[in-house]
Amino acid sequence: MATTTILVLGAGGKTGRRVAQRLTQAGHSVRPGSRTAPVPFDWERPTTWGPALRDVHAAYVTFQPDIAVPGALQTVRAFFDLARASGVEKLVLLSGRGEPEAQGAEQALQATGVDWTILRASWFNQNLSESFFLDPILAGEVVLPETLAPEPFVDVDDIADIAAEALTADTHSRQLYELTGPRALTFAEAIAQIAHATRRAIAFVPVPIADYRSELVRQHVPQEYIDLVMYLFGTVLDGRNTPVTDGVQRALGRPACSFEDYVQRTLATGVWGRHAPSAR
Ligand SMILES: NC(=O)c1ccc[n+]([C@@H]2O[C@H](COP(=O)([O-])OP(=O)(O)OC[C@H]3O[C@@H](n4cnc5c(N)ncnc54)[C@H](OP(=O)(O)O)[C@@H]3O)[C@@H](O)[C@H]2O)c1
């Protein structure tokens, strides 16, 4: 049997780590796409792309820092072209809802001639436990712009389940899945659920969006990051992405994980700090 390798970009990240785990457990040969891997991959150094793609037949593509940033489209298009020229037969792209730059990347992928699956995801549950919201939650105060619309957070385990299948079977060939959780929640509701489950006081503080930007500047957050966050908050979270979709059900034949389920699973890891179950 021919040996085949699957490249997983962002292999240490929220989705890539889970995709790599699923593939490895199923016995597939995985090449981790990481700046520190034995064969390094760096979006900012295109010379690393060719070696990372060598002898690869399928790849999971997550762009950094965000598929919505200006310039992402040109970069991923160049990567898709190189992947096709290198003999890659299947590309699975992690995309974002309601982002013109991301939708441009999806079209570029569909135009390559390589088999594709597109996972157009809403905001991840795991942003609250493995990413930028974790520190404020641990500090007990989450400050956010008051303008943010309810979001149907999706679970990265659902995304990884679909990605792993799409990389190893034809089932999801040429399918674009719009992926959300089963219900839209406000950020206040999401934080309140975590506070309730952890039995910790976590304040949710909505502020005018201009004040939010000023606060990031005052905290010396890098300008690039401020621009990205303000872009995401001003577009992706303006209400356009509030409607729930059936993408997870369509792809996996089962309902999407609920936020409540995510909170219970994450609570058990201890990442949110103290959770004192009642004494028996
Ligand atoms: N977060 C969301 O709610 C959300 C929603 C929809 C879509 N998305 C999309 O998801 C993508 C992010 O995926 P993710 O959340 O799974 O990833 P993630 O958790 O943000 O992954 C971070 C990984 O990216 C790697 N990385 C950082 N800079 C890199 C570079 N210059 N070149 C190569 N790798 C780099 C890092 O690995 P090393 O340090 O090992 O290199 C790190 O482990 C973005 O394109 C975003 O648009 C996110």
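Which strands does helix α4 lie across, and at about what angle does α4 run to β4?

1. Start with helix α4, residues 100-110. This helix lies across β4 (90-96), β5 and β7, and its direction is at about 165° to β4. Keep in mind while you look around that the model is predicted.

2. Next, the sheet that those strands belong to. There are 6 strands in an open sheet, and reading across you get β2-β1-β3-β4-β5-β7, with parallel pairing. The edges are taken by β2 (29-33) and β7 (175-179); each has a single partner strand, so one side of each has no neighbour in the sheet. On average, neighbouring strands here are turned by 15° against each other, ignoring direction.

3. What joins β7 to the sheet? Strand β5 (residues 115-121) runs parallel to β7, and 5 bridges join the two. If you want a spot to check by eye, look for Thr 117, which stands opposite Gln 175 in β7.

4. Now for helix α1, residues 16-25. This one lies across β1 (5-9), β2 and β3 (56-61). Relative to β1, helix α1 runs at about 160°.

5. Then there is the ligand. It has 21 residues around it, and the ones that come nearest are Lys 14, Thr 15, Ser 34, Arg 35 and Phe 63. Sorted by class, that shell holds 8 nonpolar, 9 polar and 4 charged residues.

6. The side chain of Arg 35 has an N or O atom 2.7 Å from an oxygen atom of the ligand. For the side chain of Gln 64, the corresponding distance to a ligand oxygen is 3.1 Å. Ile 67 takes part through its backbone instead, with an N or O atom 3.0 Å from an oxygen of the ligand. On its own the ligand has 920 Å² of accessible area, and the protein covers 84% of that.

7. Gln 64 comes up again in the backbone. Its peptide bond to Pro 65 is cis, with omega near 5°. You'll find Pro 65 in the loop between β3 and α3 (72-85).

8. Look for Asp 55 in the loop between α2 (49-53) and β3.

Methods:
Residues are numbered from 1 along each chain as its sequence is written. This is a predicted model: local features need pLDDT of at least 70, side-chain atom pairs count only at pLDDT 80 or more; totals for chains, interfaces and linings use all residues. Side-chain values use heavy atoms; hydrogens and water are left out. A residue is near a molecule or strand if one of its heavy atoms lies within 4 Å of it. A polar contact is a pair of N or O atoms within 3.5 Å; within protein, one must be able to donate a hydrogen and the other to accept it, and residues adjacent in sequence count only if both atoms are side-chain atoms. Accessible areas come from the Shrake-Rupley method with a 1.4 Å probe; for residues, only the protein chains shown count as cover. Ala, Val, Leu, Ile, Met, Phe, Trp, Tyr, Cys and Pro count as nonpolar, Asp, Glu, Lys and Arg as charged, and the others, Gly among them, as polar. Two strands pair if DSSP finds at least two bridges between them. Helices (H or I, at least four residues) and strands (E, at least two) are DSSP runs, numbered from the N terminus. Axes are lines fitted to C-alpha atoms, for helices over the stretch in contact, and angles run from 0 to 180 degrees between N-to-C directions. Contact means heavy atoms within 4.5 Å.
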